[in-house]
Amino acid sequence: IFEKVWRMIVFVAEHESYAHGSEWFVKVDSDTFLFPENVGRVAKARKWSYNDHHYFGHVLNHRMDDRGVSIVAGGAVFLSRATLLAGADAFRNMPMDRGDEEEDGTCR
């Protein structure tokens, strides 16, 4: 699933109308309810700008012991435009599981 997510981030960043047509980006599961206006409310309440690096969602700490990192995952993950563009720069040259072959949408 991770490859699908980073490919999505790269795809959005490489399309000007997507990347610069929105301030906040959400990866949301199909079984999750989302109220988009709440994204703006959270950002405004925390005085966050989409031009700064912010991401939020459900924090998982199950990799703290072996890798020393927390992971933001779950039903929805939110990224500011700055974070999406920076993530795309980092992911763009990552090796793909299946080379240039497109994913078929199934989970492995």
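## Terms and basis of the model

Two residues are in contact when heavy atoms of theirs lie within 4.5 Å. The structure is a predicted model, in which local features need pLDDT of at least 70 and side-chain atom pairs count only at pLDDT 80 or more, while totals for chains, interfaces and linings use all residues. Residues are numbered from 1 along each chain as its sequence is written, and side-chain values use heavy atoms, with hydrogens and water left out.

## Overall architecture

The protein contains 5 helices and 3 strands; these are DSSP runs numbered from the N terminus, where a helix (H or I) has at least four residues and a strand (E) at least two. Along the sequence, the elements follow the pattern α-α-β-α-β-α-β-α. Among contacts between residues at least 6 apart in sequence, 67% join residues at least 24 apart.

Of the 108 residues, 26% count as buried. Buried means under 20% relative accessible area, exposed means over 50%, and partly exposed lies in between, with a 1.4 Å probe and protein chains only. The protein exposes about 7700 Å², of which carbon and sulfur atoms supply 54%. Such areas come from the Shrake-Rupley method with a 1.4 Å probe, and for residues only the protein chains shown count as cover.

Helix H1 covers residues 2-14, which makes 13 residues. From its first C-alpha to its last, H1 reaches 19 Å, close to the 18 Å expected at 1.5 Å a residue; the expected span is 1.5 Å times one less than the number of residues. The buried residues of H1 are Glu3, Trp6, Arg7, Ile9, Val10, Val12 and Ala13. Their cover includes helix H2 (16-19), strand S1 (24-28), strand S3 (71-80) and helix H5 (81-91).

In H5, the buried residues are Arg81, Ala82, Thr83, Leu84, Gly87, Ala88 and Phe91. They pack against H1, H2, S1, S2 and S3.

## The largest pocket

The largest pocket holds about 630 Å³ of space. A pocket is found on a 1 Å grid over the protein atoms alone: it is an open set of points where a 1.4 Å probe fits, with protein on both sides within 12 Å along at least five of seven lines, and lining residues have an atom within 4 Å of a point. Grid points are joined across faces, edges and corners, and the volume is the space filled by probe spheres set on the points.

H1, S1, S3 and H5 each supply at least two residues of this lining. By class, the lining has 17 nonpolar, 3 polar and 2 charged residues. Ala, Val, Leu, Ile, Met, Phe, Trp, Tyr, Cys and Pro count as nonpolar, Asp, Glu, Lys and Arg as charged, and the others, Gly among them, as polar.

Gly57 lies in strand S2, residues 55-60. Because its relative accessibility is 32%, Gly57 counts as partly exposed. Leaving aside neighbours within four places in sequence, Gly57 is in contact with Val72 and Ala76. The C-alpha atoms of Gly57 and Leu79 are separated by 9.2 Å, and the two residues are 22 residues apart along the chain.

Lys47 belongs to the loop between helix H3 (36-45) and S2. Although Lys47 is not a glycine, it has a positive phi of about 60 degrees. Its relative accessible area is 75%, so Lys47 is exposed.

Trp48 is also placed in the loop between H3 and S2, but at 24% relative accessibility Trp48 counts as partly exposed. With neighbours within four places in sequence set aside, Trp48 is in contact with Trp24, Ala43, His54 and Phe56. Trp48 and Ser80, 32 residues apart in sequence, are 8.9 Å apart in space, C-alpha to C-alpha.

## The segment after H5

Arg92 lies in the segment after H5 and, at 34% relative accessibility, counts as partly exposed. Beyond its neighbours within four places in sequence, Arg92 is in contact with Val10, Ala13 and Glu14. The C-alpha atoms of Arg92 and Arg7 are separated by 8.0 Å, although these residues are 85 residues apart along the chain.

Met96 also lies in the segment after H5, and its relative accessible area of 33% makes Met96 partly exposed. Not counting residues up to four places away in sequence, Met96 touches Glu3, Trp6 and Arg7. Between the C-alpha atoms of Met96 and Arg7, which are 89 residues apart along the chain, the separation is 9.1 Å.
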